[in-house]
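Work through the exercises below with the sequence and the model side by side, trying each task before reading its solution.

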There are 2 protein chains.
Amino acid sequence: MNSVQFTAETSSNGLRERDFTVGEIPGVLWSPASGSDRAPLVLLGHGGGTHKKAPAMTGRAQLLVAGCGFHVVAIDAPGHGSRPRTAHDEQEIALMRQAMAAGEPVGPIVVRYNSHLADRALPEWRATLDALQELPEIGADGPVGYFGLNMGTAIGVPLTAVESRITAASFGLHWPDALAEYARRITVPVEYALQWDDEHIPRESGLALFDAFASKEKTLHANAGAHKELPRFEADSAVRFFARHLGRAMTSPA
Amino acid sequence: MNSVQFTAETSSNGLRERDFTVGEIPGVLWSPASGSDRAPLVLLGHGGGTHKKAPAMTGRAQLLVAGCGFHVVAIDAPGHGSRPRTAHDEQEIALMRQAMAAGEPVGPIVVRYNSHLADRALPEWRATLDALQELPEIGADGPVGYFGLNMGTAIGVPLTAVESRITAASFGLHWPDALAEYARRITVPVEYALQWDDEHIPRESGLALFDAFASKEKTLHANAGAHKELPRFEADSAVRFFARHLGRAMTSPA
């Protein structure tokens, strides 16, 4: 088993940020700068075409650390961030760009390619979680949440279906095609975001994926607006969702 | 125009509660006990068969006053609380009870009777708002929100459609039949709650009512569970919704 190798560290505004690797996987771990007793861990899955330190990731990490004192981790997905792309990655990305430029539906390509990336990403997330749980401030028995939209959902739904250490998950903005069968195996609390006027994901498709989760506790947040117009307050809502389910009171208003 | 006549006052836990009448209409006004400069006003509409001081009303008032420093008002709907029932009220209530006892759908009766009550309630809410805006701590130009589920939505949707002083509204748990045409005239921000497994309101009906709102900013919160299982955290969410839209920062975590 690979262990966590820390490679850089900074602190600002109460947030400690440590770059690390686990084998070939580059990651970043955010924690309270004040130090933290054993605290829950939230896995952040980034969207397609972005990376572990994209503004949406650092913003969510800041909210989760400041609001709840959690540890938060992101890793670069295969073919993303500082990681090499395969010939297959290049081909699929080119096809997506062509479809977008031609105004053709990108859904079928995104569904297929994200599913392929999920197959590569799942063992990497599990190895990362194994390694992080060796750290004394995280530990092997603490609660773990998963938070990811778009490609972060395409990876997170199968991961949550097979990874029993994840006890609450916040997803959104994907198609049911490759995910519904995994969603039907998920029973932990789920919060799911969709855009009511999504130009890529038909409304019925988003509702069908939410419907598929077997969770007794699940909440759909549907907002008026296009695919990229998810309101910022949904990130605050996800923080409160994890505060409720990972067992920490919020430490400040959000 | 009738003015507000205060008839009783108590204070506890930071909450000032004043009973009042406006003409024949009995109401209750909750405010911060510490006094309050001019602050926004939230109208609370209670559910069918309950009244202005039902636990759901006092609980929401507490959250809104403690969390945002708002004024909050509830009035007894026609035929509810301390108000007399007409022969028509008695007849409709008897029909609802019969349907429930027989396991028959109550929807058609609820839709029809609530629509009738809305016709009676709308001028009462407008008269109450006129009178409350004469109070110096509320004033004629402050923001006004409306918050009501079930029958509170059946009354609140037509009220919000015609009452331009209402600038944000939180609704939920009703049928589109008598309400969709009003919803199409509403353009202020809306938060709408429905239950994904509602045994009375078909899922498609709830989604159709949410879809009908013309608001550019609208959010659907759909939770797994039966009609009466709306999670308590949705009340906290409504408080944050009003904090965002009526222009007051939250004063404590919620």
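Buried means under 20% relative accessible area, exposed over 50%, and partly exposed in between, with a 1.4 Å probe and protein chains only. The model is predicted, so local features need pLDDT of at least 70 and side-chain atom pairs count only at pLDDT 80 or more, while totals for chains, interfaces and linings use all residues. Residues are numbered from 1 along each chain as its sequence is written, chains are lettered from A and ligands numbered from 1 in the order in which they are written, and side-chain values use heavy atoms, with hydrogens and water left out.

**Exercise 1. Packing of helices 2 and 3 in chain B**

Task: Describe how helix 2 of chain B is oriented relative to helix 3 of chain B, and list the residues through which they meet.

Solution. Two packed helices are described by the angle between their axes and the distance between the axes. Here the axes of helix 2 (residues 87–101) of chain B and helix 3 of chain B come within 10 Å and cross at roughly 155 degrees; axes are lines fitted to C-alpha atoms, for helices over the stretch in contact, and angles run from 0 to 180 degrees between N-to-C directions. Angles under 35 degrees count as roughly parallel, over 145 as roughly antiparallel, 65 to 115 as roughly perpendicular and the rest as oblique. Helix 2 of chain B and helix 3 of chain B are therefore roughly antiparallel.

The crossing is left-handed, a term used if the near helix is turned anticlockwise from the far one by less than a right angle, whereas clockwise gives right-handed. From helix 2 of chain B, the residues are His88(B), Asp89(B), Glu92(B), Ile93(B), Leu95(B), Met96(B) and Ala99(B), and they meet Ile109(B), Val110(B), Arg112(B), Tyr113(B), His116(B), Leu117(B) and Arg120(B) of helix 3 of chain B. Contact means heavy atoms within 4.5 Å. By class, this contact has 8 nonpolar, 2 polar and 4 charged residues, where Ala, Val, Leu, Ile, Met, Phe, Trp, Tyr, Cys and Pro count as nonpolar, Asp, Glu, Lys and Arg as charged, and the others, Gly among them, as polar.

**Exercise 2. Packing of helices 3 and 4 in chain B**

Solution. The axes of helix 3 (residues 107–132) of chain B and helix 4 (residues 151–162) of chain B come within 9 Å, crossing at roughly 55 degrees. Among the residues making the contact are Leu117(B), Ala121(B) and Trp125(B) of helix 3 of chain B, together with Ile155(B), Pro158(B) and Leu159(B) of helix 4 of chain B. The contact residues divide into 11 nonpolar, 1 polar and 1 charged.

**Exercise 3. Buried positions and their neighbours**

Task: Find what surrounds Ala121(A), Ser170(A) and Leu43(B).

Solution. Ala121(A) belongs to helix 3 (residues 107–132) of chain A and is buried at a relative accessible area of 4%. Leaving out residues up to four places away in sequence, Ala121(A) touches Pro78(A) and Ile155(A).

Ser170(A) lies in strand 7 (residues 166–172) of chain A and, at 5% relative accessibility, counts as buried. Beyond residues up to four places away in sequence, Ser170(A) touches residues including Tyr146(A), Glu191(A), Ala238(A) and Phe242(A).

Leu43(A) and Leu43(B) are the residues with the most contacts inside the largest nonpolar core, which has 112 residues; such a core is a set of buried Ala, Val, Leu, Ile, Met, Phe, Trp, Tyr and Cys residues joined through side-chain atoms within 4.5 Å. Apart from neighbours within four places in sequence, Leu43(B) is in contact with residues including Val73(B), Trp125(B), Leu129(B), Leu159(B) and Ile166(B).

Key
Helix = DSSP H or I, 4+ residues; strand = E, 2+ residues; numbered from the N terminus.
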